[in-house]
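These are reading notes for someone opening this structure for the first time. Please keep the sequence and the 3D view side by side while going through the numbered points.

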Amino acid sequence: MRRIKHFFKEFREGLKDFGENISIIVNTILLSLIYLIGVGLTSMIAKIVKKKFLHIKEPKKESYWTDLNLKKNKREEYYKQF
Amino acid sequence: MYILGIGCYYHDSSAALLKDGEIVAAAQEERFSRKKHDTSFPINAIIYCLKSQNITIKDIDHIGFYEKPFLKFERILSQHLQMFPLSFKTFLNSMPSWINEKLRIIRTIRKELKYKKDILFIEHHLSHAAGSFLISPFEKAAILTIDGVGEWTTTTCGIGNENDINLMKEIKFPNSIGLIYSTITSYLGFSVNNSEYKVMGLSSYGDMNKSTNKYYKKLKKIIDLKEDGSYKNNMNYFIYHYADKMPSRELCKLLDGPIRKPDEEITKRHKDIAAALQLLTEDIITKILNYVHKITKCDNLILSGGVALNSVYNGRILRNTRFKRIWIQPDPGDGGTSIGTASYIYHSILGNKRNFILKDAYLGPGYSTEEVRNFLDKNKIKYTEIKSEKELLEKTARLIYKDNVVGWFQGRMEWGPRALGARSILSNPCNKKMKEILNIKVKHREKFRPFAPVVCEDDALKYFDCDIPIPEPADFMLMVYPIKKQWQKEISAVTHVDGSGRLQTIRRSQNHLYYDLIKQFGKLSRIPILINTSFNIRGEPIVCTPYDAYKCMMGTGIDYLVIDKFLIRRDDNPKDKWNSEKYAND
């Protein structure tokens with residue numbers, strides 16, 4: 001009885017590991033497709049229209065401070081995740 | 001009214017509980033999970049917070065989260081869009097956690113906690129600012145927050161007035177002092193978001209003279225610094241915006257060599273680079289602080305964000321700038337944002353007046369005498385019960401004076417990264433070899449890292465060249481000051497190579513037992529100072545429970561453990577407990 005229990009325990013763990021490995025493979029394939037198609041295409045279009053997402057090559061300025069004025073807002077604003 | 005603040009999924013997850021504006025409990029998840037800098041949802045810290053007040057999740061009126069996740073995700077996506085195809089590897093590594101955890105925080109909170117009421121999201125740097133200002137002694141203060149990066153922001157400055165905070169200016173990613181510091185930390189072979197303080201300690205071994213340290217001039221090329229303290233990183237020297245490494249090849253060329261491997265010898269070049277980085281960081285922050293003083297016209301300063309852990313510079317701020325008073329909370333890094341989030345909701349959003357000043361850091365779990373006794377008896381641990389507090393102090397002071405290494409476990413655990421006399425290892429600073437003894441017996445640290453002294457606040461000015469009055473952040477081990485020359489040889493075990501010490505000052509009102517122990521030790525040694533180092537082994541979080549403390553002692557060379565009123569001698573107990581749970585359990 002103990003051996004059977006042990007077998008099923010090991011079997012379940014093996015299945016779990018197998019499932020995790022499969023999900024890693026599927027995730028990698030899906031994410032690669034999303035990256036190449038979604039991110040890649042958007043990025044290329046952005047490069048054509050000269051849209052910058054990060055200011056990496058920002059020209060030199062007198063000051064790099066930008067206005068923020070982050071202060072108390074309406075309560076509803078804090079329910080938002082953005 | 002109870003408000004729960006939560007911070008997680010980047011580094012140093014934590015939870016904090018406010019009761020009618022007073023912080024009644026706060027802890028980092030790592031102390032419970034035993035994973036250093038644990039990033040996971042802080043379920044154990046939350047359970048502790050609720051248990052400490054005998055309440056359930058139904059009693060919580062609001063939960064606050066320490067950032068706006070969608071804004072942060074926008075920044076992450078922007079990095080990938082801008083850096084395609086270079087960011088492929090980091091995209092594959094980071095997206096699963098965004099999809100499964102970070103963008104589902106509301107679902108996680110509701111599911112894990114079975115919570116049905118409000119969840120509020122506070123901007124990351126606002127959480128930093130609130131986490132220091134709203135629990136500070138200042139009614140009005142200038143505020144500066146600096147860290148690696150929040151959503152988009154890396155540096156903000158503004159003003160706090162009663163229960164309002166206005167962050168007026170910001171500097172955005174990829175420009176970041178925190179990320180510069182982390183990049184050089186990584187270049188020097190140390191771990192990012194963990195070992196920045198080691199680079200700070202290493203800097204004292206390098207050439208701190210700006211005119212002779214060639215790396216200081218070189219490092220100035222990596223940043224365009226303006227007179228008003230604003231700055232722009234020269235991104236030719238960094239790759240953190242698309243790779244899992246931080247320094248670029250150009251940075252390696254600039255610094256005359258490749259990235260140091262962790263087990264490689266630390267050379268003079270590495271020390272000079274660390275010194276140059278510290279000098280550069282100080283230049284930048286001084287300029288920012290002068291600007292902040294100019295626009296706020298306020299003499300009180302609140303400093304927050306991970307960069308506020310740079311205790312070497314903190315100790316120079318009042319001398320280098322026009323600010324007259326400074327306050328930093330015990331955990332100014334990301335861990336501290338859970339307090340900020342909860343405080344901001346209570347005081348700023350709900351408009352309640354401030355009624356609480358954080359005077360000590362003892363916000364974590366504590367254990368009653370009976371709980372400790374049960375643990376010891378259940379695990380058949382040999383101990384001596386000490387009848388009176390006086391006897392406990394005399395015995396412990398004598399053990400330390402005789403060069404024993406003593407684990408000190410008393411009261412509630414500290415909040416923040418420093419051990420402040422609740423979960424500390426204490427030893428004799430007058431023994432010149434104590435640094436080596438501690439390293440051999442317990443800590444196994446890099447040789448260049450100093451140990452910290454603790455001194456009673458009323459004795460500090462005799463031994464240390466502190467600002468007057470001594471700023472409160474020294475109570476949280478956040479200020480480094482020079483040790484007076486005549487004492488440097490006497491307490492050489494805590495004197496860093498440049499003659500400084502990262503002291504902790506202690507007031508009797510904060511922790512009378514700890515204070516009295518130092519005084520008692522002073523009666524024997526004539527110098528009322530102890531070495532105070534965190535109660536852990538290198539690479540592990542500070543101990544939390546009696547079990548953690550006992551296990552740590554038995555697995556190391558700590559000679560005695562003083563836990564509540566019980567004295568345990570290591571040699572009286574079987575040593576195989578480190579690797580075995582046969583005898584000890586929680």
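1. In chain B, helix 2 (residues 43-52) has B:N44, B:A45, B:I46, B:Y48 and B:C49 buried. A residue is buried if 20 or more other C-beta atoms lie within 10 Å of its own, exposed if 12 or fewer, and partly exposed in between, with C-beta atoms placed from the backbone. Helices (H or I, at least four residues) and strands (E, at least two) are DSSP runs numbered from the N terminus. The cover over the buried residues of helix 2 of chain B includes strand 1 (2-7), strand 2 (14-19), strand 3 (22-28), helix 1 (30-33) and helix 5 (105-113) of chain B. After helix 2 of chain B comes B:N54, with a positive phi near 55°.

2. The model is predicted: local features need pLDDT of at least 70, side-chain atom pairs count only at pLDDT 80 or more, and totals for chains, interfaces and linings use all residues. Residues are numbered from 1 along each chain as its sequence is written, while chains are lettered from A and ligands numbered from 1 in the order in which they are written.

3. An open sheet of 5 strands has the order 3-2-1-4-5 in chain B, with mixed pairing. Two strands pair if DSSP finds at least two bridges between them. Strand 3 and strand 5 (118-121) of chain B are at the edges with a single partner strand each, so one side of each has no neighbour in the sheet. From one strand to the next, the twist averages 20°.

4. Within that sheet, strand 4 (residues 60-65) and strand 5 of chain B pair in the parallel sense over 4 bridges, and B:H62 stands opposite B:D118 in strand 5 of chain B. Helix 13 of chain B packs on the sheet and touches strand 1, strand 2, strand 3, strand 4 and strand 5 of chain B; its direction makes about 140° with that of strand 1 of chain B. Angles run from 0 to 180 degrees between N-to-C directions, and axes are lines fitted to C-alpha atoms, for helices over the stretch in contact.

5. Strand 2 and strand 3 of chain B pair in the antiparallel sense over 6 bridges. The bridge partner of B:L17 is B:A25 in strand 3 of chain B. Their hairpin has 2 residues between the strands, and B:D20 takes a positive phi near 50° there. Strand 3 of chain B is mostly covered, with 5 of its 7 residues buried.

6. How do helix 6 and helix 13 of chain B cross? The axes of helix 6 (residues 124-133) and helix 13 (residues 337-349) of chain B come within 7 Å and cross at roughly 80°. That makes helix 6 of chain B roughly perpendicular to helix 13 of chain B, a term for angles of 65 to 115 degrees (under 35 is roughly parallel, over 145 roughly antiparallel, the rest oblique). The residues of this contact divide into 5 nonpolar, 9 polar and no charged. Ala, Val, Leu, Ile, Met, Phe, Trp, Tyr, Cys and Pro count as nonpolar, Asp, Glu, Lys and Arg as charged, and the others, Gly among them, as polar.

7. The largest nonpolar core has 190 residues, of which B:L4, B:I143, B:L144 and B:L561 touch the most other members. Helix 11 (residues 268-296) of chain B gives the most to this core, with 13 residues. Such a core is a set of buried Ala, Val, Leu, Ile, Met, Phe, Trp, Tyr and Cys residues joined through C-beta atoms within 7 Å.

8. Turning to the other chain, 43 residues of chain B are in contact with 30 residues of chain A; contact means that C-beta atoms, placed from the backbone, lie within 7 Å. Strand 8 (164-172) is one of the elements of chain B on this side, and strand 8 of chain B gives the most to it, with 9 residues. The side of chain B that touches chain A has 23 nonpolar, 10 polar and 10 charged residues. Strand 1 (residues 66-70) of chain A and strand 8 of chain B run antiparallel, joined by 3 bridges, and A:T66 stands opposite B:E170.

Notes: Two residues are in contact if their C-beta atoms, placed from the backbone, lie within 7 Å.
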